[in-house]
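Thanks, everyone. Please have the sequence and the model open while I talk. I'll take it piece by piece.

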Amino acid sequence: MAHVNYKGLLRQALIFILYFSIILISFFFWGSDKEYNLNQTIARGFISNDAIFFEIHDPSKGTARFGELFGNNDSPELQKTGNADFIFSETGGISMDTSPIEGEDPDYVMTNNVMATGMTQIESVLASGSGDYIAGIHTGLGRFITYKGSPELPPMIEGRFFTEEECLKQKPLAVIGKDYIPQTYLESAKRYLDYYGNKYEVIGITGVTGPSTLDSLIFVNMGSVAPEKQLTGRLYIDSNNNTENLYEDLNRASLTIYGQELDRLATPKTLIDVVSGGMYLKSYLKALLLCMGIFLYLSILIQTVNANRRSLSVMKMLGVSFGRSYRKLNKSNLLTALAGLIGGLIADLVFLFSGYFALPFKESGFALAVCFLTALGLLVIWNIILMITSWRLNPGESIRTI
């Protein structure tokens, strides 16, 4: 009766599962994370959780008085907060001065002049950052947009979004949600929409397969908006990384152009923020999953090294060449790992071509390639470690420890 090496079979199964999981789980979690973040961004009106809202400081703005009173007129522990003045009458009544506090410079007038570059002051501030980001003016359901580099742009169901160069051009271009389609009209085989007193050429329709907040949004290139209208709404920047550094770049530009810093505004909360609580795939959860993966990788690698030790020692003592002994012991491990990689790749391709994730095909394909190359790199590292430990193995010491 042939002897069955159950430990060896179990180790082979673990190697297959390890490499199958590396490529499958990494791609699945990447897709889930990206889709979740995209859904949240869409639910906010295509504004991510990392967006920063701000305005250029206006010294002419008055400050509201506010205050709160603790205790009563007879209490020795009477306290007040805020910048309001409380007035106590002889009859025991309490009143508060609510008149606004005058601004630092009541005569200051916020401008948005066209500069020598051809851009307005606001456009110059918003275009002063570096990297990949979207900058815009938020006017409820309207977005006056400019961007740099290759930021994440709204998903399209028809046509295209503005190019980076078109954003600051004066030619009126619009990307609309589906709700605006009935308001459009055709001229010379082109679709147009009247918006903010301008006739906009509609170059694309944004949205996803189902209903979403994108349906009620309208994006126009910032350069098409009159300078005085650019002073309306809230300014914002949105980037997937280094948004805080980007905000500081814009703040320095504001000081140069306006002589005023930026005033940061509270990011508006939407229903999606209340419902989700931002719990899905937080950074510490991703770090924990990564640590678990590294632990499993090293555990199975150490088991494989220890399993090869005895057989390799005997082969060395019998004079079998290193290359021949290494191939004999690790050929099955390599084939099993490759089978796991191919199996994981096939599973990922099923997810990719079935449209499981509502993400751009190009982006998903790039992520799949990164996952596969990462897994392949881990297999190369695996074999390098096995080769080094096998080469440095002392047969005598190894036999004595068995």
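One definition before the tour: helices are DSSP runs of H or I with at least four residues, and they are numbered from the N terminus. Keep in mind, too, that this is a predicted model.

Which residues make it? I25, F29, L288, L289 and M292 do, over about 430 Å². Helix 5 gives the largest share, with 3 residues. Take M292 as one case. M292 sits in helix 5. Its relative accessibility is 46%, so M292 counts as partly exposed.

Now a charged patch. On the surface, E102, E104, D105 and D107 gather into a patch of negative charge. Where is E102? Look in the loop between strand 5, residues 94-96, and helix 2, residues 121-126. Is E102 buried or exposed? E102 counts as exposed, because its relative accessibility is 65% and the cut-off for exposed is over 50%.

Next, strand 13, residues 218-221. This strand is covered on both faces. In a regular strand, side chains alternate between the two faces of the sheet. Here I218 and V220 are on one side, F219 and N221 are on the other, and all four are buried.

What pairs with strand 13? Strand 7, residues 142-148, pairs with strand 13 in the parallel sense, over 4 bridges. Within that pairing, G142 has I218 as its bridge partner. Strand 9, residues 173-176, also pairs with strand 13, in the antiparallel sense and over 3 bridges. There, A174 has V220 as its bridge partner. So strand 13 has a parallel pairing with strand 7 and an antiparallel pairing with strand 9, given that two strands pair if DSSP finds at least two bridges between them.

On to salt bridges. How many does the structure hold? There are 8 salt bridges. As background, side chains of opposite charge can pair when their charged atoms come close.

Pair one is E55 with K61. Their side chains meet in a salt bridge at 3.4 Å, N to O. E55 has 27% relative accessibility, so E55 counts as partly exposed. K61 is at 47%, and K61 also counts as partly exposed.

Pair two is K171 with E201. The closest N and O atoms in this salt bridge are 3.6 Å apart. The pair links distant parts of the chain, 30 residues apart. K171 is in the loop between strand 8, residues 156-159, and strand 9, while E201 is in strand 12, residues 198-206. E201 counts as buried because its relative accessibility is 13%, and buried means under 20%.

Is D215 buried or exposed? D215 is buried, with a relative accessible area of 8%. K178 is partly exposed, at 28%.

Now the backbone. F46 has a phi near 55 degrees, a positive value in a residue other than glycine. F46 is in the loop between helix 1, residues 6-43, and strand 1, residues 52-56. With 6% relative accessibility, F46 counts as buried.

A189 is another residue other than glycine with positive phi, near 65 degrees. A189 is placed in the loop between strand 10 and strand 11, residues 190-195. What is its exposure? A189 is exposed, with a relative accessible area of 79%.

Last stop, a contact across the sequence. S128 is in the loop between helix 2 and strand 6, residues 133-139. At 30% relative accessibility, S128 counts as partly exposed. S128 and R252 are 124 residues apart in sequence, yet 9.0 Å apart in space, C-alpha to C-alpha.

That's the tour. Over to you.

Methods:
Residues are numbered from 1 along each chain as its sequence is written. This is a predicted model: local features need pLDDT of at least 70, side-chain atom pairs count only at pLDDT 80 or more; totals for chains, interfaces and linings use all residues. Side-chain values use heavy atoms; hydrogens and water are left out. Patches are made of residues with over 30% relative accessible area and no salt bridge: like charges are joined within 9 Å, nonpolar side chains (Val, Leu, Ile, Met, Phe, Trp, Tyr) within 5 Å. Accessible areas come from the Shrake-Rupley method with a 1.4 Å probe; for residues, only the protein chains shown count as cover. A salt bridge is a side-chain nitrogen of Lys or Arg within 4 Å of a carboxyl oxygen of Asp or Glu. Lys and Arg count as positive and Asp and Glu as negative; His and the chain ends are not counted. The place of a charge is taken as NZ of Lys, CZ of Arg, CG of Asp or CD of Glu. Helices (H or I, at least four residues) and strands (E, at least two) are DSSP runs, numbered from the N terminus. Buried means under 20% relative accessible area, exposed over 50%, partly exposed in between (1.4 Å probe, protein chains only).
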